[in-house]
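Hello,

Here is the structure I promised to pass on. Could you have a look at it before you read my notes below?

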Amino acid sequence: MNTLRKIAVPTAAIVAFLLAWELLVWANGWPNYKMASPSDLGPAFVKYKWLFLEYGWQTLWRTIAGLLLAVVFGVFLGMVMGFSRIAREALYPLLVGFNAIPKATVVPVIALLFIGQHDLNTILIAFMISFFPIAVSVSIGLSTLEPEYRDILRSLGASNFTIFRKIALPKTLPEFFGALKVAVTLAFIGTNLMEIVEPHGRGLGHLFDSGKINADYPLMFAVLIALAVLGIALFYVVVFLERIFAGWAERTPG
Amino acid sequence: MSLPIALEHVTHAYATAAGPLPVLDDLSLEMPEGSFTAVVGPSGCGKSTLTRLVAGLMKPDRGVVRLGGKPVTGPRKTVGMAFQNPVLLEWRTILQNVMLPLEIVGSGLSKTQQQDRARELLALVGLEGFEDKKPSELSGGMRQRASLCRSIVHRPEVLILDEPFGALDAFTREDLWQTMHDLRAQEKFTCVLITHDLRESVFLSDRTVVFSARPARAQRTVEIDLGPDRTLEDLYAPRAVELLAELRREIQIAQGREAA
Ligand SMILES: Nc1ncnc2c1ncn2[C@@H]1O[C@H](COP(=O)(O)OP(=O)(O)O)[C@@H](O)[C@H]1O
Ligand SMILES: [Mg+2]
C-alpha cells in the first residue's frame, strides 16, 4: 500500500505534467520549430536511440568521475578546514571567490589548457563546480561538533584519529549527504557545460548542440528529458546510500 | 578502586582576545578516596574549568592536580565524565553507547563481558528493555541515565559530573538523584559533582564546596553530615534545612550580594 503510493503519486504527477505540456503546445498551435511537445519526443528517442545510449553513457560516467573527484577533494578540504581554525580562515575567502566565478568562463580556459582531452576537461569542470558544497558542509559539520563529544573520548586518552572515526565522521555524514545531493545536480551542469561548448565534443550536451544547429527541437527536448532522467537516477542513488550510511539521522514522522 | 583527588594552589587563566581571563585563583582542595564532593558557585566562576583540569584535558598555569598522589599530566583511562548534554551518539543503540568507553580503554573484557557489564548498569538505572533503542527514542531523563552508565562502565577511579541534571525537570531530576545514590552504593569512585542546585548538593554529596565569583577560590566547604542512607524526605528535616540555608548564604556572598 505504502510502496504503491510512493510510486503512484510521483508517476501521476509526471503524467499530469506531460499532459499539460502537450495541451499547451496543442492549444497554441505551436509548430515543431518553436516548441516540441511530449508526443514528438518518442520518435526522437527512437530515431537516435544509439546516439542516446552512447552519449548518455559518456555524460553519465564523466559526471560520476567528476563527482567522485569532488567527494575525495571536498572531504579532504572539509576535514582540513574543520579541524584547523587557521586553515579555515585562510581557505574560506579563496574558496568562496573560486565558487563565485561562473564556471562558464572557466570552460574555455580548461578547454585550451588540456586541448583535445575531452574526457579530462569534462570531468574537471564537473569536479570544479561540485566540490564546494561538499567541502563547506564537511568543514561546518566538523567545526560545530560540540566539545563535549570530543571530551567524552579525549578524557579517556583516545587519539584524534579515534575521535574522528568514532564520532566526527559518522556525525558529519548527514551534512555530507545533503551536500552530495546538491553536488550531483551541479556536476551534471558542469559536464553539459563542457559538452555543449567544446567543439567535436561528446555526451548529451553535444547531442543537444547538434539538435540546436539543425533546428531539431524534438531532439533538443528529448536530450533535456534524458538529462533529467539521468539526474533523477543519480540523485536517488545518493538517497539510497544516505539511507544506508546515515539513516539514523532521519526523523521518523509523527 | 577509587583515588583521592587533590588540587594544590591551582591558578589558571584563559587567553582571550581581551587579554588573560583569570578563572581559578590559588585553589586548594582535598577530596578523599571514595568521597562525593559537590561544587557550587556563581555561573562562569570556573567550575567546568576545574573538571577539565581534573580530567587532564588541560594543564593549569600554576599548581598541581593529583590523583592518588600522582600529578595529572594528561587524560587517563580511569576517568569518567558526564555533562548536562548527554552527548549520546545517535547512530548507536543505547547499549552500544554505554559500551563506547570500553572500546577505547581496552578493558580486557570480551565482547560478551562488555555487553554484560553495560546491561548490568542499564538495569541498575532502570533502562532494562531499552538496550536496543536509539537515543532519539528516549526521553531526556532516560538519555541522561544512559549517559551516567557510559561514564562509569569502565569502572573509573574518578567520576566527574558537570551539571548532569541541570536540564531536567524537577521531578525527573529527583529520580536521577535517587539513581545516582544507587550507583554510588554499587560502584566505587571518587566523585566531583558540579551543580547549581543546592538541594542536589545536599542530597548527594559528603561535602559541598562553595566557589567565589571568578577567579574562583574555595570560599567555604560545608560538611553534609546526613549519612549515607539519606532519603528525599530528609531534605525537609531540620538539619538539611539548616545546611541549605547555610549554603544559600554562602552563594549570596559569592555573588557579592551580601558582605562576608
Ligand atoms: N576555552 C576558553 N577560552 C576562553 N575563556 C573560557 C574558555 N572556557 C571558559 N572560559 C571562560 O572562563 C570562565 C569560566 O568558565 P567555566 O569554567 O566554564 O565556568 P562555570 O562552569 O563555572 O560556569 C567563563 O567566563 C568562561 O567564559
Ligand atoms: Mg560550566
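A polar contact here is a pair of N or O atoms within 3.5 Å; within protein, one must be able to donate a hydrogen and the other to accept it, and residues adjacent in sequence count only if both atoms are side-chain atoms. By that rule, an N or O atom in the side chain of Arg214(B) is 2.6 Å from an oxygen atom of ligand 1.

Before the rest, some housekeeping. This is a predicted model, in which local features need pLDDT of at least 70 and side-chain atom pairs count only at pLDDT 80 or more, while totals for chains, interfaces and linings use all residues. Residues are numbered from 1 along each chain as its sequence is written, chains are lettered from A and ligands numbered from 1 in the order in which they are written, and side-chain values use heavy atoms, with hydrogens and water left out.

Back to the ligand. The backbone also takes part: a polar backbone atom of Cys45(B) is 3.3 Å from an oxygen atom of ligand 1, and for a backbone N or O atom of Lys47(B) the distance to a ligand oxygen is 2.7 Å. The protein buries 62% of the 560 Å² that ligand 1 exposes when taken alone (Shrake-Rupley method, 1.4 Å probe). The shell around ligand 1 (residues with a heavy atom within 4 Å) includes Tyr14(B), Thr16(B) and Ser48(B). Helix 1 of chain B gives the largest share of this shell, 3 residues (helices are DSSP runs of H or I, at least four residues, numbered from the N terminus).

Now the interface. Contact, meaning heavy atoms within 4.5 Å, links 18 residues of chain A with 24 residues of chain B. The area buried between the two chains is about 1,900 Å², with 67% of it from carbon and sulfur atoms; this is the accessible area (1.4 Å probe) that two parts lose on being put together, summed over both. Ile152(A), Leu156(A) and Trp248(A) supply 33% of what chain A buries against chain B, more than any other three residues.

There are 3 salt bridges between chain A and chain B (a side-chain nitrogen of Lys or Arg within 4 Å of a carboxyl oxygen of Asp or Glu). One of these joins Arg52(B) to Asp151(A), with the closest N and O atoms 2.7 Å apart. Helix 7 of chain A gives the most to the side of chain A that touches chain B, with 6 residues.

Best wishes

Technical notes
Helices (H or I, at least four residues) and strands (E, at least two) are DSSP runs, numbered from the N terminus.
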